[in-house]
Every structure is written in C-alpha cells, then in structure tokens.
Amino acid sequence: MASSKLFLAFLALFVFTFSNFVSGTLASDSDSAASVIERAEDVMAWAYEAVLEAERAGADVEDLTGQLNWAGELLAGARFQYRMGNFGSAVGLADHCYETSSGVLVEAGRLRNLAVEEGVRRFWLTIVGSMVSVAIIVYGSFLGWRVFVRHYYRKILRMRPEVAPSES
Amino acid sequence: MNLEEYRILFMVCTLILILAAAAPVIGMVMPRNVEPFFAMGVLGENGMAEHYYPDDNSNIRVGSLVRWHVGVYNHMGSIQYVAVRVKILNSTLPGPDSSSCVPSSVPAFLEFRQILASNETWWFPFYWSISKTRYLGDVVTITELVVNNATLGLAAHAVSGFNFRMVFELWVYDEASKGFGFAWKSDGDNQCAWAQIWFNVTFLE
C-alpha cells in the first residue's frame with residue numbers, strides 16, 4: 001500500500017516535470033522560429049528597398065525582383081509551417097529566405113553604384129553633346145545667313161530694269 | 001519674299017533646330033507626369049468575369065471547390081512590394097472604407113505577397129472550399145477552410161449561413177513607415193483597392 005502510494009507520487013512528479021519541460025521546450029522552439037521568421041521578413045523588406053533604390057538609379061532589376069519573389073515564397077512557406085506547428089521546417093525555410101534576401105541586398109547595392117556612375121557619365125555626355133550641337137547650329141546658321149545674303153545681293157544686282165510696253 | 005522676311009525665316013528655323021538639339025537635356029530635367037495607381041480584380045474559374053460559383057449558385061456547399069483568380073496591376077512607375085490580405089466577413093462586420101481608405105478591422109486569415117515590376121500584372125489562383133463548420137442556434141460558423149490545398153483554421157460566422165463575403169484587400173509596402181499600408185499616395189490623395197464576393201453556406205445536397 002505504502003509502496004503504491006510512493007509510486008503514484010513519483011509518477012505524478014514525473015508527469016508534472018515532463019509536461020513543464022515539453023511545454024517549455026515547445027514554447028522556446030515556437031519563439032525562436034517566430035524570431036527567425038521575423039528576421040527573414042526584415043531582411044526581405046530591406047532587400048526590396050535596396051532593389052527599389054537600384055531601379056531609381058537606372059539599373060535593370062528584373063533578375064533581382066525574381067530572386068526576391070522566390071525569397072517571398074520561402075517566407076510564405078515558413079509562415080505556413082509555423083502555423084501548422086512545424087517549427088523546424090519553418091526555421092529552415094526562413095533561413096533560406098534570409099540567405100536569398102541578403103544576397104539580393106548586396107547585389108542591389110552593387111548594381112545601384114554601377115547605375116549611378118553610368119548615369120553621371122550619360123548626364124555629362126548628354127549636356128556636352130547638346131551644347132556642341134547648339135554651338136554648331138548657331139555657327140552654321142550665322143555662316144549660312146552670310147552666304148545667303150551675299151547670294152541675294154548678287155542676284156538683285158544682276159537684274160536689269162525693263163520698260164513695260166504701254167497700253168495706250 | 002524680301003530680305004527681312006528671309007531673316008525671320010532663318011531665325012525661326014535656327015530656333016527649331018536649337019530646340020531639337022536641346023531636347024535630350026530638357027527631357028532629363030522635366031519629369032514625366034504619370035498618374036500612379038494600382039488595380040485589383042477577382043475573376044471566376046475560367047479567368048473571366050463569370051462562373052464565380054460552382055453551378056453558378058452562390059449557396060456554397062461544405063466541401064465544394066470554388067475557383068477564383070485574383071489579379072493585381074502595378075502602374076506606380078516602379079517596382080512595388082504588395083500584399084493581398086484575405087478576410088471573411090458577414091453583412092454586419094465593417095468592410096474596408098474606400099472614401100477614407102481604412103481597411104476592415106477584421107484580421108486576415110491569409111496573405112499573399114509579391115514584388116511587382118512596373119506595368120506588371122500578377123495573377124494568382126484562389127481555390128477554396130469550406131471543410132468544417134459549426135452550427136449553433138441559427139448562427140453558422142466557418143471553422144476551417146482549405147485554400148490552394150492548405151488547411152486554415154478561422155472563425156467566421158453569419159446568421160443562417162447567409163451573406164458571408166470574401167474580402168481581398170490590397171496592402172502596399174511603404175518605405176517611410178517601413179511597413180505595409182492599406183493606401184498609397186496618388187497626386188497627393190490617398191487611394192486604395194479592395195474587392196469582395198458574397199456567398200452563402202448551405203448544408204443541403
């Protein structure tokens with residue numbers, strides 16, 4: 001009798017300790033998965049902003065957009081797995097999203113810098129090209145006008161007056 | 001024509017040529033005025049504005065598959081990070097307000113995100129069926145939906161199962177606030193986009 005009571009007491013203690021341990025572990029798994037997903041979301045948002053900057057600078061961001069959308073699918077998968085309680089899968093997908101987005105962030109920065117340099121080069125080329133064209137047009141018009149006036153006076157001076165026949 | 005008229009003609013032609021030569025610089029300096037906007041729509045099972053319900057009957061049976069296609073068009077002039085948030089409301093819960101661009105206060109049970117290129121249209125399938133309901137008194141509660149083969153728990157209720165509505169709200173990532181917002185700025189005004197489709201839940205065969 002005493003031994004069965006002792007056994008029941010040990011069993012109750014074991015169940016209590018185990019359930020606390022399991023719920024504590026699950027909570028920490030859930031928390032860490034949530035923070036990994038949040039981190040992936042943040043990096044994806046930063047990568048999007050970097051790609052937007054690169055586009056504004058004139059870079060071709062089609063490839064980067066495709067990669068970011070792939071990262072977005074991974075993130076959606078991570079969130080779905082988290083919702084289903086598959087925290088391990090959620091963390092794996094979120095980590096993959098993080099790596100992809102980080103790569104995009106770096107590449108977008110590089111493309112932006114290249115596009116800015118190219119933009120500055122194109123800007124000065126356009127300014128100089130326009131100024132040279134305007135100068136050529138103005139000088140060409142001035143010369144053309146002088147040649148035309150000379151030709152005009154020569155034509156006038158070659159003209160001989162004629163007496164028109166009278167009608168009476 | 002006399003010499004004075006020829007002079008005027010020469011000056012006009014020179015001016016036109018100067019404008020043509022300066023056009024690239026003018027184009028760089030003057031911004032293009034384009035009204036930025038998003039457009040969103042929902043189409044039926046064949047990708048057309050028809051056949052929204054099985055057998056064209058808005059009384060949806062539990063387990064019956066409904067096939068819609070949701071589209072978003074980006075005319076904002078740059079890439080945009082958008083999210084389509086899906087909510088189930090009834091006839092009494094507040095929906096999104098187009099005039100003040102305030103979203104529905106009901107939380108979304110699902111979200112689709114995409115980064116759209118300028119002038120890109122994004123279509124995605126929204127195939128759904130009701131897998132579990134609860135019937136208490138005269139209130140029908142949808143407790144589980146299957147959307148694109150993913151099972152989702154929720155709690156959406158309507159009296160007698162009538163006048164549920166699936167609401168799709170377009171949220172756009174805002175750089176300034178570093179988060180998604182329901183509205184976007186267009187010529188200084190707030191604009192927003194959302195769509196809804198009404199349906200009923202029935203248990204009859």
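**Figure 1. Salt bridge between K178(B) and E49(A) in the predicted model**. The side chains of K178(B) and E49(A) come together in a salt bridge, with an N to O distance of 2.8 Å. Between chain B and chain A, the count is four salt bridges. Residue pairs in polar contact between chain B and chain A, with both residues at pLDDT 80 or more, number ten.

**Figure 2. The side of chain B that touches chain A**. Four elements of chain B each supply at least two residues to this side: helix 1 (3–29), strand 4 (80–89), strand 5 (110–116) and strand 8 (150–159). Helix 1 of chain B gives the most, with twelve residues. By class, the residues on this side of chain B are 18 nonpolar, seven polar and five charged.

**Figure 3. Contact and buried area between chain B and chain A**. In the predicted model, 30 residues of chain B are in contact with 34 residues of chain A. The two chains bury about 2,900 Å² between them, and 67% of this area is on carbon and sulfur atoms. L3(B), I79(B) and I115(B) supply 23% of the area that chain B buries against chain A, more than any other three residues.

**Figure 4. The largest pocket, lined by residues of chain A and chain B**. This pocket has a volume of about 710 Å³. Its lining comprises 29 residues, and those nearest the centre are A76(A), R79(A), L110(B), E111(B) and F112(B). From chain A, helix 1 (2–56) and helix 2 (62–83) each give two or more residues to the lining, as do strand 4, strand 5, strand 6 (121–136) and strand 8 of chain B. Helix 2 of chain A provides the largest share of the lining, nine residues. The lining residues divide into 18 nonpolar, four polar and seven charged.

**Figure 5. The second largest pocket**. About 290 Å³ of space lies in the second largest pocket. Of the 14 residues that line this pocket, Q80(B), Y173(B), D174(B), E175(B) and W184(B) lie nearest its centre. Helix 1 of chain A gives two or more residues to the lining, as do strand 9 (164–174) and strand 11 (183–186) of chain B. The lining has seven nonpolar, three polar and four charged residues.

**Figure 6. Salt bridge between R39(A) and D95(A)**. The side chains of R39(A) and D95(A) meet with an N to O distance of 3.0 Å. R39(A) belongs to helix 1 of chain A and D95(A) to helix 3 (residues 87–158) of chain A, so this pair ties together parts that are 56 residues apart in sequence. Over all chains of the predicted model, the count comes to 16 salt bridges.

Methods
Residues numbered from 1 in each chain as written. Chains lettered and ligands numbered in written order. Predicted model: local features only at pLDDT ≥ 70, side-chain atom pairs only at ≥ 80, totals over all residues. Heavy atoms only, no water. Contact = heavy atoms within 4.5 Å. Buried area = accessible area lost by both parts, 1.4 Å probe. Polar contact = N/O pair within 3.5 Å; in protein donor to acceptor, adjacent residues only side chain to side chain. Nonpolar A, V, L, I, M, F, W, Y, C, P; charged D, E, K, R; others polar. 1 Å grid on protein atoms, 1.4 Å probe; cavity = no way out; pocket = protein on both sides within 12 Å on 5 of 7 lines; lining within 4 Å. Points joined across faces, edges and corners; volume = space filled by probe spheres on them.
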